[in-house]
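Hi everyone, thanks for coming along.

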Amino acid sequence: MADSDIPESLIELERKAWAEQQAGALTVATAAAVQAAYTEHAAGRSRYDLEHTVKKIVRYPDPHETA
């Protein structure tokens, strides 16, 4: 799956959830919103692959990538 196929809004939502999780403050509302977004954006492709790719982008950013 190409990273360019992933909406920035989904990446930002995962970043929010990851930050909350790291702080020990992940809310049910945030977790549910992320899961709903994965389901919505996975149409026609593997939801697991989408989630895996987004989490990899958020949790292990490429140090060579420029913003």
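Let me start with a question: at what angle do helix 1 and helix 3 pack, and how far apart are their axes? The angle is about 65°, and the axes are 9 Å apart. The crossing of these two helices is right-handed. On the helix 1 side, the contact is made by L10, I11, E14, R15, W18 and Q21, and on the helix 3 side by L50, V54, K55, I57, V58 and R59. Sorted by type, the residues of this contact between helix 1 and helix 3 come out as seven nonpolar, one polar and four charged.

Before we go on, please keep in mind that this is a predicted model.

Now let's step back to the whole chain. The chain has three helices and zero strands, and from the N terminus on its elements run α-α-α. There are 67 residues in the chain, and 24% of them count as buried. What about contacts along the chain? If we take contacts between residues at least 6 apart in sequence, 60% of them join residues at least 24 apart.

Next, helix 1 and helix 2. These two pack at an angle of about 150°, with 10 Å between their axes. That makes helix 1 roughly antiparallel to helix 2, because an angle over 145 degrees counts that way. Is the crossing of helix 1 and helix 2 left-handed or right-handed? Here it is left-handed. If you'd like to find the contact on the screen, look for L10, L13, E14, K16, A17 and E20 in helix 1, which meet T30, A33, V34, A37, Y38 and H41 in helix 2. The residues of this contact between helix 1 and helix 2 divide into seven nonpolar, two polar and three charged.

A33 lies in helix 2, and it counts as partly exposed because its relative accessibility is 33%. The C-alpha atom of A33 is separated by 9.4 Å from that of E14, 19 residues away along the chain. A32 also has its place in helix 2. With a relative accessibility of 45%, A32 counts as partly exposed. Between the C-alpha atoms of A32 and A17, which are 15 residues apart along the chain, the separation is 9.9 Å.

That leaves one more pair. Helix 2, residues 28-41, and helix 3, residues 47-59, pack at an angle of about 125°, and their axes are 9 Å apart. That makes helix 2 oblique to helix 3. The crossing of helix 2 and helix 3 is right-handed. Helix 2 brings Q35, Y38, T39 and H41 to the contact, while helix 3 brings R47, L50, E51, V54 and K55. By type, the residues of this contact of helix 2 with helix 3 are three nonpolar, three polar and three charged.

So what sits in the largest nonpolar core? There are 11 residues in all: I6, L10, I11, A17, V34, A37, Y38, A42, L50, V54 and V58. Helix 1, which spans 8-22, helix 2 and helix 3 each supply at least two residues of this core.

Notes: Residues are numbered from 1 along each chain as its sequence is written. This is a predicted model: local features need pLDDT of at least 70, side-chain atom pairs count only at pLDDT 80 or more; totals for chains, interfaces and linings use all residues. Side-chain values use heavy atoms; hydrogens and water are left out. Axes are lines fitted to C-alpha atoms, for helices over the stretch in contact, and angles run from 0 to 180 degrees between N-to-C directions. Helices (H or I, at least four residues) and strands (E, at least two) are DSSP runs, numbered from the N terminus. Angles under 35 degrees count as roughly parallel, over 145 as roughly antiparallel, 65 to 115 as roughly perpendicular and the rest as oblique. A crossing is left-handed if the near helix is turned anticlockwise from the far one by less than a right angle, and right-handed if clockwise. Contact means heavy atoms within 4.5 Å. Ala, Val, Leu, Ile, Met, Phe, Trp, Tyr, Cys and Pro count as nonpolar, Asp, Glu, Lys and Arg as charged, and the others, Gly among them, as polar. A nonpolar core is a set of buried Ala, Val, Leu, Ile, Met, Phe, Trp, Tyr and Cys residues joined through side-chain atoms within 4.5 Å. Buried means under 20% relative accessible area, exposed over 50%, partly exposed in between (1.4 Å probe, protein chains only).
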